[in-house]
Amino acid sequence: MNTSTDRRIAVIGLGSMGGAMAATLHQAGWQVTGFDPSESARTAAAEAGIATAASIEKLAGTPYAVLSLPAASVVEATVPQLLAAPGTIAIIDTTTSEPATSKQLAELAEARGAAFVDAPVSGGRDGAATGTLSAFVGATDAALAAAEPVLLALTGGKYSHIGGPGSGNVVKLLNNVLAAANLVSVGEALGVAKAYGIDPAKAAASISEASGGSKVSANMYPNWVLSGTHDSGFSLGLMARDAALAVDVAAQIGENPALLTAVAGQWQEALAALGPRADFTEIARTVAPAITPAGAPGTKNDTTAVA
């Protein structure tokens, strides 16, 4: 596996997460060139001092690449283009992708003398902007060593090497479906508290100090749901996709997680009611509408356009 001190890196996908990661790498001294099919995303990156390319083909052979893409199918189409010219050392895929795709691309990269690691991340846009993401890494030992300089820049060392290619995807999907379940259960619980005349914020704060507490009750509900802002930066469409994909990955190996399957169904119902562009914290509007100022879908406070 190649090793290098070359600091040139391509960032493919300049949305909320990819754009923030590109900025973090730029600030850390990497020579970043970004690409996104969206002209507005490229313009925003350029305004942040990041060079952009007009196509992925122009980035082929860049020593390092970070992917922040919407789906496994896009990753599968992108990686061969990056490997079309010699020089690639490591491709770090932060997409919440599918394990079979990552295994296939890891084999392709290895055959070309490069590394491919699945490293889906958690921590949101704030973590991406500050280099404090956590990452679930699936890779061979050699591929991890090749990708480590980039992983350190994005996470500050806060990454877990789960196992071989694809394993990072599996654990990230499980993480997301657990968060999805917690968003539903905390919302329902706080809805019950409000029905009893209890301030949901006080209930959330007290629960967060006890055995039922979580990041969802301590941070997500107070900051984004009870306030009515719903501005986490992560879409309901993506969370609904991840929950469904987690159940699909389980089914592929003969597992049938009944609770997680039911939760995935609730997210599909919320997706139908609110649309994919709604913030993922807006699930509260379908499971406990009384606790958020935004209200239930279709009420006078509803500004969501289903698309």
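A pocket is an open set of grid points with protein on both sides within 12 Å along at least five of seven lines. The close-ups below come from a predicted model.

**Close-up 1. The largest pocket and its centre.** The largest pocket holds about 1,400 Å³ of space. Its lining counts 45 residues. Closest to the pocket centre are V121, S122, G123, G124 and F234.

**Close-up 2. What lines the largest pocket.** Six elements are labelled here: α1 (16-27), β7 (121-122), α5 (124-130), α7 (167-195), α9 (215-225) and α10 (236-252). Each supplies at least two residues of the lining. By class, the lining has 22 polar, 15 nonpolar and 8 charged residues.

**Close-up 3. Helix α3 beside helix α4.** Helix α3 spans residues 72-82, and helix α4 spans residues 99-111. Their axes come within 10 Å and cross at roughly 5 degrees. Angles under 35 degrees count as roughly parallel, so α3 and α4 are roughly parallel to each other. From α3, the contact uses A72, V75, E76, V79 and P80. They meet T101, Q104, L105 and L108 of α4. The residues of this contact divide into 6 nonpolar, 2 polar and 1 charged.

**Close-up 4. Helix α7 across helix α11.** The pocket-lining helix α7 also meets α11 (residues 258-274). The two axes come within 9 Å and cross at roughly 75 degrees. That makes α7 roughly perpendicular to α11. On the α7 side are V177, L178, A180, A181, L183, V184 and E188. On the α11 side are L260, V263, Q266 and W267. This contact has 9 nonpolar residues, 1 polar and 1 charged.

Terms used. Residues numbered from 1 in each chain as written. Predicted model: local features only at pLDDT ≥ 70, side-chain atom pairs only at ≥ 80, totals over all residues. Heavy atoms only, no water. Axes fitted to C-alpha atoms, helices over the stretch in contact; angles between N-to-C directions. Helix = DSSP H or I, 4+ residues; strand = E, 2+ residues; numbered from the N terminus. Parallel < 35°, antiparallel > 145°, perpendicular 65-115°, else oblique. Contact = heavy atoms within 4.5 Å. Nonpolar A, V, L, I, M, F, W, Y, C, P; charged D, E, K, R; others polar. 1 Å grid on protein atoms, 1.4 Å probe; cavity = no way out; pocket = protein on both sides within 12 Å on 5 of 7 lines; lining within 4 Å. Points joined across faces, edges and corners; volume = space filled by probe spheres on them.
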